[in-house]
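Try each task before reading its solution.

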Amino acid sequence: MIKQTSLPASNRFIQKIQPTPLVPVQLDPAGPSIWCKLEFLNPSGSTKDRIARYILEKAWRRGELGPGSSVVEASSGSTSIALALACAQMDLRFTAVLPEGVSNERVWIIRAYGGEIVLVPKAQGMAGAMAHAEQLAEKTGAFFTRQFENKDNPESHRIGTAKEILQQLPNGIVHAAVSGVGTGGTLIGLYQGLSEEGCPVIPALALPITVGGHFHGECCSFSCRIPGVVDGLSKLYREAHLPGLIEIEIADELALATTKKLIRKGFPVGPSSGLNYAAAVIAADKLGADATIVTVFPDRMERYFSTELFADVQK
Ligand code: PMP
């Protein structure tokens, strides 16, 4: 057990991340205006800076981490990038366990921050990466952040993202919080943080679908074309209490088209932002003109330059 419980003075920056802006966005002049939290403006370019910072700081205070300690996570997405940045700031070592085939952009960003990459065979997928990360943590004594089960993940959104939203909204009330689910941390935290402040908030799950699609080899409608948004993987989400939850299915084509529209409007976002916005428009439709609908733009477009989202600009 490490004795030091305060952060070194040189690393205070990590505790000074500013609230992200909350702005009304109306893509269709005849459509609703949606309050969008610009999470892509966090320091590493995604909302995952919140959970990375929060999980590591709490572990540090508990004495489970100190200068030079090792951290491990299995995430092919923004969480590894956010952890790599936070570890660089806090003088920690970071290893990301990823399935082969993850985009070069991600691997290079993690390495640029000093993180190490361990690749597991593609066929093993995220489940294989998680099992490998578990073994690595056991063998080396590294701190495993476990984003899919760590309650500090939704808590960072409950006490952070949700409270910022209430302070930023002119009328201080939210009727629906809309988000796709990876770990579920965002949706759970928003629901808890807003409802505990008295908002009559409905949690709304944005679900990407594709007709005749496949997931984990089985035929189902869940679409894998929106990175970061997964189906059924998260223990946090499976065990969450979300009364009144509504599920809003969005065709993956619409999610991608909406993402492109957001980018053309000057929001440099990734595909899950288009999914969230399209679902929020449906939620607004269901709840009526007076309802305040909030969603998040989780990450930045630059991470997707090598994907189909940018096929038309790669000439
Ligand atoms: N969008 C992106 C790009 C993500 O990487 C993630 C999480 N991996 C999400 C959305 C979903 O967020 P959460 O994990 O809080 O459910």
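**Exercise 1. A sheet and its edges**

Which residue in strand 6 is the bridge partner of V72? Then work out the strand order of the sheet and find its edges.

*Solution.* Keep in mind that this is a predicted model.

Step 1: The bridge partner of V72 is F144, in strand 6.

Step 2: Strand 3 (residues 70-74) is joined to strand 6 by 2 bridges, and the two run parallel.

Step 3: The open sheet has 4 strands in the order 5-4-3-6, with parallel pairing.

Step 4: Strand 5 and strand 6 (143-144) each have a single partner strand, so they stand at the edges, and one side of each lacks a neighbour in the sheet.

**Exercise 2. The surroundings of strand 8**

Find the strands that pair with strand 8, and decide whether strand 8 is largely enclosed.

*Solution.* Step 1: Strand 7 (residues 176-179) pairs with strand 8 in the parallel sense, over 4 bridges. Within this pairing, A177 has P203 as its bridge partner.

Step 1: To get from strand 7 to strand 8 the chain passes through helix 6 (residues 185-195), and this β-α-β crossover is right-handed.

Step 2: Strand 8 also pairs with strand 11 (residues 246-251), in the parallel sense over 6 bridges. Here I209 stands opposite A251 in strand 11.

**Exercise 3. Aromatic pairs**

How many aromatic pairs does a search of the whole structure find?

*Solution.* Step 1: The search finds 2 aromatic pairs.

Step 1: With a relative accessible area of 15%, F267 is buried, because buried means under 20%. F297 is buried too, with a value of 0%.

Step 2: F305 counts as partly exposed at 38% relative accessibility, whereas F310 counts as buried at 7%.

**Exercise 4. The largest pocket**

Describe the volume and lining of the largest pocket.

*Solution.* Step 1: The largest pocket holds about 1,200 Å³ of space.

Step 1: Its lining is made of 49 residues, and S76, M126, P227, G228 and V230 are the ones nearest the centre of the pocket.

Step 2: By class, the lining of the largest pocket divides into 18 nonpolar, 24 polar and 7 charged residues.

Step 3: Helix 2 (78-90), helix 4 (125-140), helix 6 and helix 9 each supply at least two residues of the lining. The largest share, 3 residues, comes from helix 4.

**Exercise 5. A loop residue**

Where is A123 placed, and is A123 buried or exposed?

*Solution.* Step 1: A123 is in the loop between strand 5 (116-120) and helix 4.

Step 1: A123 has a relative accessible area of 83%, so A123 is exposed.

Step 2: From A123 to L236 the C-alpha to C-alpha distance is 24 Å, and these residues are 113 residues apart in sequence.

Note on methods
Residues numbered from 1 in each chain as written. Predicted model: local features only at pLDDT ≥ 70, side-chain atom pairs only at ≥ 80, totals over all residues. Heavy atoms only, no water. Buried < 20%, exposed > 50% of the residue type's maximum accessible area, 1.4 Å probe, protein only. Pairing = 2+ DSSP bridges. Right-handed = clockwise from strand over helix to strand, strands pointing away. Phe/Tyr/Trp six-rings, centres within 6.5 Å; stacked < 30°, edge-to-face > 60°. 1 Å grid on protein atoms, 1.4 Å probe; cavity = no way out; pocket = protein on both sides within 12 Å on 5 of 7 lines; lining within 4 Å. Points joined across faces, edges and corners; volume = space filled by probe spheres on them. Nonpolar A, V, L, I, M, F, W, Y, C, P; charged D, E, K, R; others polar.
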